Structure formats: structure tokens, C-alpha cells
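Please inspect the sequence and coordinates before reading the solutions.

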Amino acid sequence: MQFHQDGFFPGDPRISDPQDRVVPPPIKRPMPKQVDVMIVGCGPAGLNLAAQLSQFSDISVCIADLKDDRLLVGQADGIACRTMEMFQAYGFADQIKQEGYQVNEAAFWKPDATHPNHIARTGKVEDVEQDLSEMPHMIINQARIHDEFLRVMKHSPNKLEPHYQRKFLGLTVDETEEYPVTVQFERMVNYSQFTKEVETVKAKYVVGCDGARSGVRSAIGQTLVGDALNQAWGVMDVLVNTDFPDIRIKSLIQSHKEGNMLIIPREGGYMARVYVELDKLKENERVSRDEMTSDILVAAANRIIAPYTMDVKDVAWWSVYEIGQRITTAFDDGALGRAPRVFLAGDACHTHSPKAGQGLNTSVMDTWNLGWKLAHVLRGLADVSLLSTYSSERHEYGQALIDFDRQWSSMFSAKPKSAENPDGVDPAEFQRYFKLFGHYTAGVSIQYRQSSVIGSNEHQDLATGLKVGFRFHSAPVIRHGDAKPMQLGHCHTVNGAYRVYAFAGNQAPMSEGCGVRQLADFMMNHGDSPVKKYTPAGAEVDSVIDLRGIFPCHHHALERSQLDPLLTPVKGKLGLKDFEKVYCADHLTGPDIYDLRGIDREQGCLVIVRPDQYVAAVLPLTDLAGMNAYFEQVLVPQ
């Protein structure tokens, strides 16, 4: 899609008249007196959590923000491959792919050897390596991501909408009460007379997604710790004409004396985001925003990009920021000697530079980890101890992010190595580092350690490409019921269920000796079946544990009449059969899922995947005891 040709206008670009993109302001209404989960902050972390929890009609949720209305122009714009995989679970990844800019290559520029004051291209690399993810790296206005989350919330069973113009005042916790967390907000009710009122909400759990200056973090006695690199950068979204040849390619530019620059093409075909290095700050000095203008940033960009020029026609948005890497002392209040009641997520937990594109992506992954755990505890599916795994899993990754960002930012801001500056960064080394950390910036490098929710890797050799603790790496399959080519990972939806993937071995499909048939029969009929043990009465058979069968044969070799009843379950008020539980290897397009993910063709295997799409266990297909042992650790009998 191309848009912004006549200037930047917020909202859905598919609507031609910008006035028609305006969304009516939210209806002013009082906050509820009590809820299961109170979310403070309508940034990406808070909205992601609200969107998840809104899918459960039996969980009451409230989300509030200091702002007057929804975001129109966002700061973050990079959407990592892993985040796109998460968006697929919500059903709006295709919209982002259609509307956003897809990053395919990265170009590297350094001072020209013969004309040092001019820049020259040193090379281009693939931005995302082959088969890293079925999803691309995308660039899109953060506000459009917010719009999609808000749409999911509004159309959910809970029809959830935010409460705006609420200033968080504080909270207290009293474990003797059914709703132990008391939260207070201040609301302006009469602007002409500056009349304010205080609203009180009692909650079972509170999640602070209220940014780097988080009031929730202060209320539970946590602080951000770390350091700053005393570096200032300017950033602007511009509609520009230029003779710079890579303006529509992600470009990392090191100049001789004028500093460094990063160009990120934006969606619509005409706009670009430009990060410009400013003079290094003195110790304890802050950026003087009052003295900075977009004209200064444009002039700095033109000095860096010489001999090319940038004729900026419009500046849609600009800002100045300082680089610093900090992480909170804890991600919850559980250190007080009890199970956690208050959680932190997003910028309330960690702050870092935006050039690695990890701000929004890390924030949504925080609440992607927390959401299903809260849902399981609140719905009685899991013990409250499950909530403690949030801090242990995300704090370790948050610290790794800080360490990576510190190194990346230092390298990006360093002068290029030369005779005058022998201690600088070699541009070739900079390019190598970029490729080396591609998995990290794509968001697929996270590995959660063995715990109550992550099993051992004892049987990893059965599926070498589906690593325990890593996100489930999707691959192409053919859905048996309708012969549809698709990605297996796309059957993960935001419904809080575990997926159990049963990969068949070399036995005849659904024969007496077929491990998938034996597994399905056990889960459908045996008294020790985890499906029977952990599915609440009256709930859909796949609402907690969702079994999927995958076969190496061509889909024509398997008849529907052969399938076990659990693989064609009866669902809904009308008792209709679900024919989307069985898949076959894709024999049409090169290596199949068994080859791509290193699955043992002789034995097959069983892969348990958590509701947040992370591989919890890889087991032999016949290891029913091992499967039961895993679920005994994480679920509560119903």
C-alpha cells in the first residue's frame, strides 16, 4: 500500500478522507468498583495484556491511562518477526503485512576512502535470514498496533474499552480481603473549574504498564537501576525527496566527523524515520529540548549523508532522547514473602535505546508471558505459584536485552576506525555484528530455562529444530480437512490453551501401531487422561489441552473416517465436528516440516507448547507418563 503522498495523517490509511479516520472520543464513564485485573497504562504492553484477558468472559478487566484518548502518532515502529507471530494469534498479522513496510535488506555506509567527508556504501545484507520465521520484520506506526489491540478488545466477549484521563495515585495490598489490591486514580471532571475526583478500584491483581516513570513501580518499592551512556540522538519521521540511493532500504551510516545515522523506511512508500546522532553530552547533562528544533535535525542529517542531500517536505513527528540502559530491581512484589499481586511490564521494567527495535517488541512479550498465567490462575486451572514464573523468566531476558543494547548502542555511536581514530569501530566488524545478532533483534533468541513450566531437553534429539524453551518454530503443512497449505504455528490463537503436537512416525497412519492413534485414544478415553483431568465440566474438549496430529504422508493417503474422535471433536452448542486438528507434510514445496524441524521420521515425537507459543517439552510419542508428569506440574485437577 502507498499512502502519505499528500502529507501524514493518523488513522487507517485505507480510509481516503482523513476526516473519516477520526474515531469518536471514548464515552466518559466511571471505573468499576472491583475487578480481577487492573491494568495501569495503555501502551503496547498494557493493551496486549488487556486484549488477551478480554477473550475470557469470566475474567473482569479494567485498563486505565493518563492520556485523553488513544494514541495517534507512536514512537516505536519496528515490529520483530517474533512479535508478528504473536499478532498472528490475534488474527491481525496480515493487516500489518499489508499496511506496513517490510524490511528485507540492510545497507551499510562508511566514509569514502578517497573522500572521507563523503559516505560510500560498503555492502548490503539480508535483514532476516531464510527460515528464521514465517513472518517478516515490519515497520509501522505504533498507533496502528494500538488500534488493532483496541479493536480486538472491543469485539471480545468482554467488549473491553479503556478508561482515559486517569492519573494513578497509589495502591495498597491487604491479603485478608478477597480483592486485596486497592488502587486509587484521580480524574478531572470539570476543566473550567479544575474539579477533580478520586476513584477507588479493588482488584485481585494489578499490572503496571505505565512507562519508565512508572507510579506502580514506585508504589511497590522497586526502582530502575543501570547506567546511561551520555549519548543524545534525534529522531524524526519525514516526507522527503533525496538523491540518497538507499532511502527505501534500512541504512546504517557512519560518517567521518559528523556522527552516525540510521534510516528506517516507513510504511506508505514516501516517509522515512531518521535517527541522527547529536553531540555527546557532558556527565549528568540533559538534552535541552527547548533549544532543539526539527530544522537542526534536518541540517545534521544532511551533513552526515554528504555528498547526498535530503529535501524534507514535511516533518510528521520528531523528538530527542538520551540513551540509557536500566532494569527494575524486580518485576513484581512477590519478594515481600507472598505470592505476587502487583506486576510490572514494558518500560516500567526496562529502558534502552530504540535502534535495536526492541522497545515495543520486548514490552509486548512481557505481557504475552504474563497474560495466560493470570488467566489460568484466575480461572482455577493453575495454582497461584505459576505467577512467580513471570518474574523469573522475563527478568533474565530483560537483563540480556540491557547487555545487548549497551554493546549495540556503543558500537553504533562509535566513530569508524581510521588512521585518525585507530580505536574506532571497523565498519566490516559492525556489519558482521549486525548479522550475528539477527536472531536477537528478530525476537527469536529467547530461551526460558527449565522450570515448572519448561521441561528438560532430554529428548531434544527427537525434534532438533523445536528447541525446548524457545518459541515454537512454525513450518508449512497441509491441513487435512480442506487440503489448505498453511503454517502449523498459525493454529495458535489467543485462547489460553496448551497445544500438544503429535508427530507420527513411520507406522501406517491411524493403524493399530500408530502412536498418534494410541495417544488420541488415551487422551479421549483413559481415566488418567490430562484432557479429562484438567478440562472444566462443560468446557470445550480442547479449551485447556488442544491435541493436533501431524503425519508425514501425503494428505490423500489419510481418510477422514480413520481419524480418532479426539482429532475430530464435537464442539459448540450445535455439536458440530471440528475438522481442523489434523495435518500432513507438505509434499508440494521442497523440504517438509519433518526435515525443516529435525523431527525423527521413524519414531515421531510429542511436542507440548505453552499458550504463549513456547516449547515446553519434547517427548517420545509413547511417553504418556512424561506428558502427564508435565501437566501435573502446571495444571490443577478440575
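The model is predicted: local features require pLDDT of at least 70, side-chain atom pairs count only at pLDDT 80 or more, and totals for chains, interfaces and linings use all residues. Residues are numbered from 1 along each chain as its sequence is written, and side-chain values use heavy atoms, with hydrogens and water left out.

**Exercise 1.** Determine the strand order of the seven-stranded open sheet and identify which strands stand at its edges.

*Solution.* Step 1: helices (H or I, at least four residues) and strands (E, at least two) are taken as DSSP runs numbered from the N terminus. Two strands pair if DSSP finds at least two bridges between them.
Step 1: the order is 19-18-24-21-20-25-26, with mixed pairing.
Step 2: strand 19 (484-487) and strand 26 (615-619) each have a single partner strand, so one side of each lacks a neighbour in the sheet.
Step 3: neighbouring strands of this sheet are turned by 30° against each other on average, direction ignored; here axes are lines fitted to C-alpha atoms, for helices over the stretch in contact, and angles run from 0 to 180 degrees between N-to-C directions.
Step 4: within the sheet, strand 20 (residues 498-503) runs antiparallel to strand 25 (residues 605-609), and five bridges join them. Phe503 lies opposite Cys605 of strand 25.

**Exercise 2.** Describe the surroundings of strand 12 (residues 250-254): are its residues buried or exposed, and which strands pair with it?

*Solution.* Step 1: buried means under 20% relative accessible area, exposed over 50%, and partly exposed in between (1.4 Å probe, protein chains only).
Step 1: five of the five residues of strand 12 are buried, so the strand is largely enclosed by the rest of the structure.
Step 2: in a regular strand the side chains alternate between the two faces of the sheet. In strand 12, Lys250, Leu252 and Gln254 are buried on one side, and Ser251 and Ile253 on the other.
Step 3: strand 5 (residues 105-111) runs parallel to strand 12 and is joined to it by four bridges, with Ala107 opposite Ser251.
Step 4: strand 13 (residues 260-265) pairs with strand 12 in the antiparallel sense, also over four bridges, and Gln254 faces Asn260. The two strands form a hairpin with five residues between them, where Gly259 in the turn has a positive phi of about 100°.

**Exercise 3.** Characterise the packing of helix 1 (residues 44-53) against helix 7 (residues 359-378).

*Solution.* Step 1: the axes come within 8 Å and cross at roughly 30°.
Step 1: contact means heavy atoms within 4.5 Å. Among the contacting residues are Leu49 and Leu53 of helix 1 and Trp368 and Leu374 of helix 7.
Step 2: 10 of the 10 residues of helix 1 are buried, so the helix is largely enclosed by the rest of the structure. Its buried residues pack against several elements, including strand 1 (34-40), helix 2 (81-90) and helix 7.

**Exercise 4.** Which residues have the most contacts inside the largest nonpolar core?

*Solution.* Step 1: a nonpolar core is a set of buried Ala, Val, Leu, Ile, Met, Phe, Trp, Tyr and Cys residues joined through side-chain atoms within 4.5 Å.
Step 1: the largest core has 162 residues, and those with the most contacts inside it are Met38, Phe87, Leu374, Phe503, Phe551, Ile608 and Phe631.
Step 2: helix 7 supplies the largest share of this core, nine residues.
Step 3: a second, separate core of 26 residues includes Met236, Met292, Val298 and Ile304.
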